[in-house]
4 protein chains.
Amino acid sequence: MKPEFIAEFCGTALLLALVVGSGIMGDRLAVGSDALALLANSLATGAGLYVLILTLGPVSGAQFNPAVSALLAWRGAQTWSIAGGYVVAQFSGAVAGVLLAHAMFAEELLQVSTHVRAGPAQWLSELVATGGLLGVIVLCLRHQPAALPQAVGLYIMAAYWFTASTSFANPAVTVARALTDTFAGIAPASVPGFIGAQVLVVVVVGLFFKVRAGRRS
Amino acid sequence: MKPEFIAEFCGTALLLALVVGSGIMGDRLAVGSDALALLANSLATGAGLYVLILTLGPVSGAQFNPAVSALLAWRGAQTWSIAGGYVVAQFSGAVAGVLLAHAMFAEELLQVSTHVRAGPAQWLSELVATGGLLGVIVLCLRHQPAALPQAVGLYIMAAYWFTASTSFANPAVTVARALTDTFAGIAPASVPGFIGAQVLVVVVVGLFFKVRAGRRS
Amino acid sequence: MKPEFIAEFCGTALLLALVVGSGIMGDRLAVGSDALALLANSLATGAGLYVLILTLGPVSGAQFNPAVSALLAWRGAQTWSIAGGYVVAQFSGAVAGVLLAHAMFAEELLQVSTHVRAGPAQWLSELVATGGLLGVIVLCLRHQPAALPQAVGLYIMAAYWFTASTSFANPAVTVARALTDTFAGIAPASVPGFIGAQVLVVVVVGLFFKVRAGRRS
Amino acid sequence: MKPEFIAEFCGTALLLALVVGSGIMGDRLAVGSDALALLANSLATGAGLYVLILTLGPVSGAQFNPAVSALLAWRGAQTWSIAGGYVVAQFSGAVAGVLLAHAMFAEELLQVSTHVRAGPAQWLSELVATGGLLGVIVLCLRHQPAALPQAVGLYIMAAYWFTASTSFANPAVTVARALTDTFAGIAPASVPGFIGAQVLVVVVVGLFFKVRAGRRS
């Protein structure tokens, strides 16, 4: 198996273990103070994302996100066949990461979230969160690719707080978080709305680049 | 439309979405603990500012602040016509960012703040905050321009805490924050005092450089 | 005495003073909020680790961890004799650091922890924590060695939260923390399980590299 | 007046405004949670120190600390006459910074602290804090001077938590903090013990380098 697929699988798994695990730890220790739980959750996620992108970036690009893999393929930065393999690795890794977090915290392995996250405000938040993430990645890759790990880590840390959805911005993360009924969960019924918003952003950004490229040629 | 004006509009809008949005999220979750709300607010703002300056800096200089744009024009680092366009983009972007934060958090779009921030201690705080910000930018641009994103992000994070005004230091931010009756708001009647202090600092710093340049020639 | 042994002794001692000391301070001030205590503990540990690795890295490599020293010797990156000296320095330094923390906080110098940390979930957490740490170090040394201080510091900060064991990942740290009955302690009876998991990871990672090297030749 | 003396005066003043100001803000907002107040205080101080050293380092070396200025003069890195001027600037700047913090927070300008910080555990903490700070500076200047701002900022952030004294490590800071009866204060009667410990470290480190230099020649 190609090392980049292993890197995408492991990286996305560790990302979910990070998000779900630190959510459980924060929630258990904070006993009711959601602000403190989210603070720990957001700081741990931002710090961990930095490390994951720094160490796995040289192997696979550290995309960990079907929205990113699709956009890069659309723009010609990678083949659709690579992107397809990445997306499979990301979805399976994300699910594996949730199971790992449950096992580490002695939770039931298989869970279904009951945390409803829906409505126009939530969907708008996902539009903003995903658009911001793709903007950060595109601009950073163009002007200062070496700063990508800290840019994405700090963006996500901030986006936990400035969007009402706590910024999923990632279809694989969204699906996997439906499988945990802990702090970071999202009810399955709320998943299509979130993924719809994320896909819409990819399509709009992709078309924008296509139109611009067309004008220039 | 020139890409640098779009960058100033979007950057200032996202800055306000960040400040107001993370203020709402912190305030809602912290239920009464203003320390925890301000901690989340300051960490998210610092992290987000780093990302905005890093990614939009190569496009427009990432000024996002009429005080900075005016000072740079005064010192001859950019034309007054560019500075004028930037200031228009900053004020309109700032207002758009507040509306975006309200929409993401399902708040009334149009609000007016009732949070009075006035008196000599608050105005002194704005003098210090603005003077510090301009000092950081001027010294950083001279000696290590590549560190500007982290310098400004960490300065603002710290200034939320060490000034009594939580450090607005930006006329566009001040005006826009009058339009939100949430954690980050400022009552319209308090706006002139804050902007007066900010403008005073720009004038003093500008005159200082002018006098020094005069002496040298 | 060779400077690198002194660096390993002092570095590991300060690491333990950092972990145990900030745990005591956090626990005393937070009066019952374990989330706040762990937040302070994890941020101080991450920040301090960055500084220790940055400043002592050029002297000894800043390993501070028998698991790391053994793996590097196994891979041929250093002699077993150096690794042996490092391990002695690390264990003695770790114990000295706990005593130093107790002295600074006017605690009984000699203590034995009563904090039981056992069971499959805790051991799995140590497998993940140690595997992650070794992965970060190996990948970072290969692709961007200059980023090692921030990578390890931020990894440990995050691992305090995303593993259920708060991530010891270090046999010298584990033994020494059995000698403190404060926030960071671990009951002696729980030590073998933790060290067993840590050693298991070193063996598996070492064999993996051996097999891969064998295939290539 | 030489720009480096102005930089030492302003930098030390802003350092004290940072320490005392964020202490007041944290204490007022946290209403009784000293952990939360110290968390804000330590994060703001670390972030602000980074910015001060980054921006004023190229002007004066950003010493802001009589212990550092004396040690550097002893080692021949600067003349005693420069060091003397720096020390005057640092003490006067430190006092000015406390007054500035009081003015910004509408506190009585002149205060005397009633916060007793004494006893062997506190003095040992100051020995460790000061020794660690000097070690960080000496090693960082030798091996990676460009990382000094983040090394010192993160060291102090961590030292607020891992020493029982919250790490003053600076005679000018110690004297000035006797002049505030707020969160960061120290009773005048406790000042000699702290400064004694700090001076002792400078003497021991200075003699160590002298002896080592003697052996080599």
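**Entry 1. Pairs without contact**

I began with chain A and chain D: these two do not touch, and their nearest C-alpha atoms are 10 Å apart. I took contact to mean that the C-beta atoms of two residues, placed from the backbone, lie within 7 Å. I then looked up chain B and chain C, which do not touch either; their nearest C-alpha atoms are 10 Å apart.

I note that this is a predicted model, where local features need pLDDT of at least 70, side-chain atom pairs count only at pLDDT 80 or more, and totals for chains, interfaces and linings use all residues. Residues are numbered from 1 along each chain as its sequence is written, while chains are lettered from A and ligands numbered from 1 in the order in which they are written.

**Entry 2. Chain A on its own**

I found eight helices and zero strands in chain A. Helices here are DSSP runs of H or I with at least four residues, strands are runs of E with at least two, and both are numbered from the N terminus. Read from the N terminus, the elements run α-α-α-α-α-α-α-α.

The radius of gyration of chain A is 17 Å, close to the 17 Å that the globule rule gives for 217 residues, so chain A is as compact as a globular protein of that length. The radius is taken over C-alpha atoms, and the rule is 2.2 Å times the number of residues to the power 0.38. Along the principal axes, the C-alpha atoms of chain A fill a box of roughly 60 × 40 × 30 Å.

I looked up burial next: 62% of the 217 residues in chain A are buried. The cut-offs are 20 or more other C-beta atoms within 10 Å of the residue's own for buried, 12 or fewer for exposed, and partly exposed in between, with C-beta atoms placed from the backbone. Of the contacts in chain A between residues at least 6 apart in sequence, 77% join residues at least 24 apart.

**Entry 3. The core**

Which residues have the most contacts inside the largest nonpolar core? I found A:Leu16, B:Leu16 and D:Leu16, in a core of 339 residues. Such a core is a set of buried Ala, Val, Leu, Ile, Met, Phe, Trp, Tyr and Cys residues joined through C-beta atoms within 7 Å. I checked A:Leu16: leaving out residues up to four places away in sequence, its contacts include A:Ala94, A:Val98 and A:Val173.

**Entry 4. Chain B against chain D**

The contact takes 26 residues from chain B and 27 residues from chain D. On the chain B side, helix H2 (34-60), helix H5 (120-143) and helix H6 (148-162) each give two or more residues. H5(B) gives the most, with 10 residues. By class I listed 19 nonpolar, six polar and one charged residues on that side. Nonpolar covers Ala, Val, Leu, Ile, Met, Phe, Trp, Tyr, Cys and Pro; charged covers Asp, Glu, Lys and Arg; the others, Gly among them, are polar.

I picked out B:Gly132 in helix H5 of chain B. Is B:Gly132 buried or exposed? B:Gly132 is buried, with 27 other C-beta atoms within 10 Å. Apart from neighbours within four places in sequence, B:Gly132 is in contact with B:Tyr155, B:Ala159 and D:Leu14.

**Entry 5. Symmetry**

I superposed chain B on chain D with a rotation of 90 degrees and 0.0 Å of shift along its axis (RMSD 0.0 Å). That is the relation of a four-fold axis. In chain B, the C-alpha nearest the axis is that of B:Leu36, 5.2 Å from it. The copies use different surfaces: 8% of the contact residues of chain B recur in chain D.

**Entry 6. Chain B against chain A**

Here 27 residues of chain B are in contact with 26 residues of chain A. Helix H1 (3-30), H2 and helix H4 (80-104) of chain B each give two or more residues. H2(B) gives the largest share, 12 residues. That side of chain B has 21 nonpolar, six polar and no charged residues.

**Entry 7. Positive phi**

Most residues other than glycine have a negative phi. I looked up two with a positive one. Phi of A:Phe64 is near 55 degrees, and phi of C:Ala62 is near 50 degrees. A:Phe64 lies in the loop between helix H2 (34-60) and helix H3 (66-74) of chain A. C:Ala62 lies in the loop between helix H2 (34-60) and helix H3 (66-74) of chain C. A:Phe64 is buried, with 31 other C-beta atoms within 10 Å. C:Ala62 is buried, with 24.

How values were computed. Copies are superposed by least squares on the C-alpha atoms of residues with pLDDT of at least 70 in both.
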